[in-house]
Amino acid sequence: MSHHTGSLLGHDDPAPFEVLNENGKGHSLFVCDHASREIPKSLGTLGLPEEERKRHIGWDIGARKVTEILVERFDCPAVLGGYSRLVIDCNRQLWDPTGMPEIADQTVVPGNKNVSPSDHMKRIREIFLPYHGAIEERIANFHAHKIVPALIAIHSFTPVFQGFERPWEIGVLWDQDDRIPVPLLAKLREQNPDLTIGDNEPYSGQHMADYTIDHHGEAGGLPCVSIEIRQDLIDTDAGCEKWAKILGDAFVDILADPNLYKIRRD
């Protein structure tokens, strides 16, 4: 395999991001930070067997498929991350050690031990920055068309974490901006009374580990929300279809409201 001396990604590696439905007519942008479990060929397997790379530590199981279905339903563009969160986590601040984890949910990641600053920079320069640049470009394109987009991030979470069985099927994560999350929580509960729906559970949107929404959404005054769906519910195509419909049905009226698409200025 040949790749330029000094670069992380070779010509036969996947791109650092993928844009879906670039010319969609909808006014939302979907993002999926952890859509992929790809690792650049120059990094091998990061020292992990395939069964570890397939686990939730490598990517958000089901999140990509759910995003694809929602993109089609609402005719919106989406930006998907092209690499495993183990290589560099595009939803973390650059100073956050979990952004290039040496241990991920009790699994040691040998390829992330003693990474030199220049090798760390390659991951930032060739994966992290292009991914966030692609999100910025899509948002800029909306603004160029005089549209304030809504930003919706799709994630999935593991059913058991550090021995704790998580009771939620779906969670709505948010921080300052309540324009999408509050009505979305109400709709999800009204339409699915039998579900356990998390309001800033299993994670909080106020936590620093929500870089994409904080950086592109909150900081820019865009209406925004982060969605977490439990992985065992979306590890099949049928599960993804079911949960994309549950989520989409709750989103319909919210995303159809023209008053949503305004900059928040407080």
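# A first look at the fold

The protein chain has six helices and eleven strands. Here helices (H or I, at least four residues) and strands (E, at least two) are DSSP runs, numbered from the N terminus. The radius of gyration of the chain is 18 Å, close to the 18 Å that the globule rule gives for 266 residues, so the chain is as compact as a globular protein of that length. That radius is taken over C-alpha atoms, and the globule rule is 2.2 Å times the number of residues to the power 0.38.

A word on the ground rules: this is a predicted model, where local features need pLDDT of at least 70 and side-chain atom pairs count only at pLDDT 80 or more, while totals for chains, interfaces and linings use all residues. Residues are numbered from 1 along each chain as its sequence is written, and side-chain values use heavy atoms, with hydrogens and water left out.

## The chain as a whole

Along its principal axes, the C-alpha trace spans about 50 × 45 × 35 Å. Of the 266 residues, 54% count as buried. Buried means under 20% relative accessible area, exposed means over 50%, and partly exposed is in between (1.4 Å probe, protein chains only). Now for contacts, meaning heavy atoms within 4.5 Å. Among those between residues at least 6 apart in sequence, 82% join residues at least 24 apart.

## Two helix pairs around H6

Helix H6 (residues 237–256) packs with helix H4 (residues 181–191) at an angle of about 130 degrees, and their axes are 9 Å apart. That makes H4 oblique to H6. Axes are lines fitted to C-alpha atoms, for helices over the stretch in contact, and angles run from 0 to 180 degrees between N-to-C directions. Angles under 35 degrees count as roughly parallel, over 145 as roughly antiparallel, 65 to 115 as roughly perpendicular and the rest as oblique.

H4 passes H6 in a right-handed crossing. As for handedness, a crossing is left-handed if the near helix is turned anticlockwise from the far one by less than a right angle, and right-handed if clockwise. On the H4 side, Pro183, Leu184, Lys187, Leu188 and Gln191 make the contact, and they meet H6 residues including Ile246, Leu247 and Phe251. By class, the contact of H4 with H6 has eight nonpolar, one polar and three charged residues. The classes go like this: Ala, Val, Leu, Ile, Met, Phe, Trp, Tyr, Cys and Pro count as nonpolar, Asp, Glu, Lys and Arg as charged, and the others, Gly among them, as polar.

H2 packs with H6 too, at an angle of about 40 degrees and with axes 9 Å apart. H2 and H6 are therefore oblique to each other, and their crossing is right-handed. From H2, the contact takes in Lys65, Val66, Ile69, Leu70, Arg73 and Phe74, while the H6 residues include Cys240, Ala244, Leu247 and Phe251. The residues of this H2 and H6 contact divide into ten nonpolar, one polar and six charged.

| Residue | Relative accessible area | Class |
|---|---|---|
| Gly47 | 51% | exposed |
| Asn112 | 2% | buried |
| Asp75 | 31% | partly exposed |
| Gln106 | 65% | exposed |
| Asp199 | 36% | partly exposed |

Gly47 sits in the loop between strand E2 (28–32) and helix H1 (50–53). Gly47 and Val108 are 61 residues apart in sequence, yet 9.0 Å apart in space, C-alpha to C-alpha.

Asn112 belongs to the loop between strand E5 (107–108) and helix H3 (117–144). Not counting residues up to four places away in sequence, Asn112 touches Leu46, Leu86, Met100, Pro101, Glu102 and Arg123.

Asp75 has a positive phi of about 50 degrees although it is not a glycine, and its loop runs between helix H2 (63–74) and strand E3 (78–81). Gln106, also not a glycine, has a positive phi of about 70 degrees; look for Gln106 in the loop between strand E4 (103–104) and E5.

Asp199 is in strand E10. Leaving aside neighbours within four places in sequence, Asp199 is in contact with Val172, Trp174, Leu185 and Arg189. Its C-alpha atom is separated by 28 Å from that of Ile147, 52 residues apart along the chain.

Last stop: Pro202, in the loop between strand E10 (197–199) and helix H5 (211–218). A cis peptide bond joins Glu201 and Pro202, with omega about 0 degrees.
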